[in-house]
Amino acid sequence: MENGEIPENANEHCPGPQSDSAGKSDACEGCPNQQICATAPKGPDPDVVAIAERMATVKHKILVLSGKGGVGKSTFSAQLAFALAAMDFQVGLLDIDICGPSIPKMLGLEGQEIHQSNLGWSPVYVESNLGVMSIGFMLPEPDEAVIWRGPRKNALIKQFLKDVYWGELDFLVVDAPPGTSDEHISIVQYLDAGSIDGAIIVTTPQQVSLIDVRKEVSFCKKVGVQVLGIVENMSGLCQPMMDFKFLRMTETGEQIDVTEWAREHLKERAPEFLNIIACTEVFDSSGGGAERMCREMGVPFLGKVPLDPQLCKAAEEGRSCFVDQKCGVSAPALKKIIDKMMENQGLSRMLVDNDA
């Protein structure tokens with residue numbers, strides 16, 4: 001009967017466990033929950049009230065979701081947080097992927113621990129304006145498995161929202177696990193769907209991923225969370241020609257590395273190729289990819305991010321892809337997507353105010 005929900009085994013005309021007549025009305029006679037309802041405390045969950053008070057200092061809350069795992073959702077969450085912090089916003093990144101917390105690594109915070117003050121749990125800070133909270137900071141060993149059922153996961157999410165002292169935030173980015181399970185229901189209920197700006201959903205181009213993204217969009221519509229847009233990640237492999245490794249196949253199927261020969265050949269015979277970006281499809285996008293799905297479902301399409309080995313390396317090293325020119329293929333695509341999201345939501349004005 002969490003959050004005042006009517007139990008499945010309740011009588012037909014159950015007044016609801018939060019009603020003043022719960023356990024006392026004629027409709028309650030014979031119900032197996034009658035005694036519990038009659039004696040249970042009424043009124044709103046005090047923790048939800050505490051969460052609302054804690055979140056009152058957060059201007060914008062953005063969920064980052066995915067239908068499937070392995071589509072780059074956490075990479076996008078990390079780079080979104082880096083980008084917003086680089087715009088001089090006060091940013092918090094909350095990792096609620098309880099069983100697979102990868103945010104600490106992607107922010108370069110492995111081995112850090114949570115500290116407590118009289119104000120609550122303190123986030124771990126990358127910069128003075130970018131704080132992070134994750135169960136990854138609480139594990140005794142990095143390889144420790146989190147084997148928890150739903151109620152325990154929900155309790156930790158509630159504690160993150162209730163006890164973490166973020167201070168004044170412009171943005172709280174919430175990195176959720178794949179799918180539409182307990183964690184997603186909890187975060188929406190505890191934050192109150194109406195106070196969430198919306199969700200960005202990350203996918204890859206092929207139908208096997210888009211099938212589950214459609215379910216994610218349906219989930220958002222059912223719980224009243226606006227879909228800010230869909231991001232098509234790993235949209236083709238793109239990198240400079242000279243970054244490729246070149247192989248020659250023998251008749252027996254053996255691979256021989258001819259990278260040095262190929263590069264020298266290009267320099268001598270075709271120098272115009274040295275600055276060319278080579279791209280190829282990795283996933284089947286013949287079905288139209290995320291862009292077509294967005295048109296069919298009536299949700300915004302934010303753009304495509306190519307599969308860039310340099311972005312993968314930035315995530316492995318826990319750094320922003322925007323601080324240098326190494327991610328020359330993916331960083332401009334990510335920036336364009338973030339700018340479009342900000343503009344669609346009328347948040348571009350915040351940039352002007354920050355620059356003033």
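A residue is described here as buried if its relative accessible area is under 20%, as exposed if that area is over 50%, and as partly exposed in between, with a 1.4 Å probe and protein chains only. The model is predicted, so that local features need pLDDT of at least 70 and side-chain atom pairs count only at pLDDT 80 or more, whereas totals for chains, interfaces and linings use all residues. Residues are numbered from 1 along each chain as its sequence is written, and side-chain values use heavy atoms, with hydrogens and water left out.

The aromatic residues are described first. A pair of aromatic rings is described by the distance of the centres and the angle of the planes. Rings of Phe, Tyr and Trp (its six-membered ring) are paired if their centres lie within 6.5 Å; planes under 30 degrees apart count as stacked, over 60 as edge-to-face and the rest as tilted. The structure contains 2 such aromatic pairs. Helices (H or I, at least four residues) and strands (E, at least two) are DSSP runs numbered from the N terminus. Both Phe89 and Phe171 are buried.

The ring centres of Trp121 and Phe160 are 6.0 Å apart and the planes stand at 70°, so this pair is edge-to-face. Because Trp121 lies in strand 4 (residues 120–122) and Phe160 in helix 5 (residues 150–163), the pair ties together parts that are 39 residues apart in sequence. Trp121 is buried, at a relative accessible area of 11%, and Phe160 is buried at 0%. A further ring, that of Trp261, has the charged end of Arg248 over it, 5.5 Å from the ring centre; the criterion is that NZ of Lys or CZ of Arg is within 6 Å of the ring centre and within 35 degrees of the ring normal.

Cysteines were examined next. A disulfide is a covalent bond between the sulfur atoms of two cysteines, and is assigned to a pair of cysteine sulfur atoms within 2.5 Å. A search of the whole structure returns 1 disulfide. It is formed by Cys238 and Cys279, whose sulfur atoms are 2.4 Å apart, and the link is right-handed, with 120° about the S-S bond. Since Cys238 is in strand 10 (residues 237–240) and Cys279 in strand 13 (residues 277–280), the bond ties together parts that are 41 residues apart in sequence. Cys238 is buried, with a relative accessible area of 10%, whereas Cys279 is exposed at 51%. For Cys294, the closest cysteine sulfur is that of Cys220, 12 Å away and therefore too far for a bond. Cys294 is buried at 2% relative accessibility.

Two further buried positions were considered. Ile96, in the loop between strand 2 (91–95) and helix 4 (103–106), has a relative accessible area of 0% and is buried. Contact denotes heavy atoms within 4.5 Å. Beyond residues up to four places away in sequence, Ile96 touches Ile157, Val174, Asp175, Ala176, Pro177, Glu183 and Ile187. Ile96 and Ile157 are 61 residues apart in sequence, yet their C-alpha atoms are 6.6 Å apart in space. Thr75, in helix 3 (residues 73–86), is buried at 18%. Apart from neighbours within four places in sequence, Thr75 contacts Met106, Leu311 and Ala315.
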